[in-house]
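Take a look at the model below.

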Amino acid sequence: MKKVWLLGMISVLVLLSGCSDKYTPSASATPESIFSEACVKCHSPVNGKVMALSREMANTAAIIERIKDGKGFGMPAFPNLTGGTAEGLAQYILDNSATK
């Protein structure tokens with residue numbers, strides 16, 4: 001039983017390590033390249049869209065807040081994505097997402 005628990009905990013840590021809050025984009029990064037480098041590990045495209053957003057998340061202010069603050073264990077905060085970079089990424093996500 002202890003082995004199963006230990007394997008489960010290791011699996012969770014491995015899955016969560018795929019998303020990093022330490023990401024810092026290069027000066028020449030575009031919103032698309034930022035999404036590809038920082039987000040795609042956890043947010044796979046859905047039907048040709050980068051993701052499916054709930055109605056509550058389908059606005060740039062909500063997306064920027066989620067980038068800044070994260071959400072629980074599943075979505076880390078990205079403190080290095082600020083200002084125009086965060087705004088550009090949020091607009092890219094909004095423009096290229098479906099709404100649920």
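Leaving aside neighbours within four places in sequence, which residues is alanine 86 in contact with? They are Ile64, Ile67 and Leu81. Contact here means heavy atoms within 4.5 Å.

## The model and its numbering

This is a predicted model, in which local features need pLDDT of at least 70 and side-chain atom pairs count only at pLDDT 80 or more, while totals for chains, interfaces and linings use all residues. Residues are numbered from 1 along each chain as its sequence is written, and side-chain values use heavy atoms, with hydrogens and water left out.

## The chain as a whole

The chain has 4 helices and 2 strands. Read from the N terminus, the order is α-α-β-α-α-β. Helices (H or I, at least four residues) and strands (E, at least two) are DSSP runs, numbered from the N terminus.

The chain holds 100 residues, and 25% of them are buried. Buried means under 20% relative accessible area, exposed means over 50%, and partly exposed lies in between (1.4 Å probe, protein chains only). Now take the contacts in the chain with a separation of 6 or more: 64% of them join residues 24 or more positions apart.

## Helix α3 against helix α4

Helix α3 covers residues 60–69, and helix α4 covers residues 83–95. Their axes come within 9 Å and cross at roughly 120°. That angle makes α3 oblique to α4. Axes are lines fitted to C-alpha atoms, for helices over the stretch in contact, and angles run from 0 to 180 degrees between N-to-C directions. Angles under 35 degrees count as roughly parallel, over 145 as roughly antiparallel, 65 to 115 as roughly perpendicular and the rest as oblique.

Which residues meet here? From α3 come Thr60, Ile63, Ile64 and Ile67. From α4 come Ala86, Glu87, Leu89, Ala90, Gln91, Ile93 and Leu94. The residues of this contact divide into 8 nonpolar, 2 polar and 1 charged. Ala, Val, Leu, Ile, Met, Phe, Trp, Tyr, Cys and Pro count as nonpolar, Asp, Glu, Lys and Arg as charged, and the others, Gly among them, as polar.

## Helix α2 against helix α4

Helix α2 also packs on α4, at an angle of about 85° with the axes 9 Å apart. The two helices are therefore roughly perpendicular to each other. On the α2 side, the residues are Pro31, Glu32, Ile34, Phe35 and Cys39. They meet Thr85, Gly88, Leu89, Tyr92 and Ile93 in α4. This contact divides into 7 nonpolar, 2 polar and 1 charged.

## The nonpolar core

In soluble globular proteins, nonpolar side chains tend to be buried together. The largest nonpolar core in this model has 19 residues. A nonpolar core is a set of buried Ala, Val, Leu, Ile, Met, Phe, Trp, Tyr and Cys residues joined through side-chain atoms within 4.5 Å. Which members touch the most other members? They are Phe35, Ile63, Phe78, Leu81, Leu89 and Ile93. The elements giving two or more residues to this core are α2 (31–39), α3 and α4.

Apart from neighbours within four places in sequence, leucine 81 is in contact with Tyr23, Pro25, Ile34, Ile67, Ala86 and Leu89.

## Two prolines in loops

Proline 25 lies in the loop between α1 (2–17) and α2. Proline 25 is buried, with a relative accessible area of 16%. Beyond four places in sequence, the contacts of proline 25 are Ile34, Asn80, Leu81 and Thr85. Threonine 85 is 60 residues away along the chain, yet the two C-alpha atoms are separated by 8.7 Å.

Proline 76 sits in the loop between α3 and α4. Is proline 76 buried or exposed? It is buried, with a relative accessible area of 18%. Proline 76 and lysine 22 are 54 residues apart in sequence and 9.5 Å apart in space, C-alpha to C-alpha.

Alanine 86 is in helix α4. Alanine 86 is buried, with a relative accessible area of 3%.

Glycine 88 is partly exposed, with a relative accessible area of 21%.
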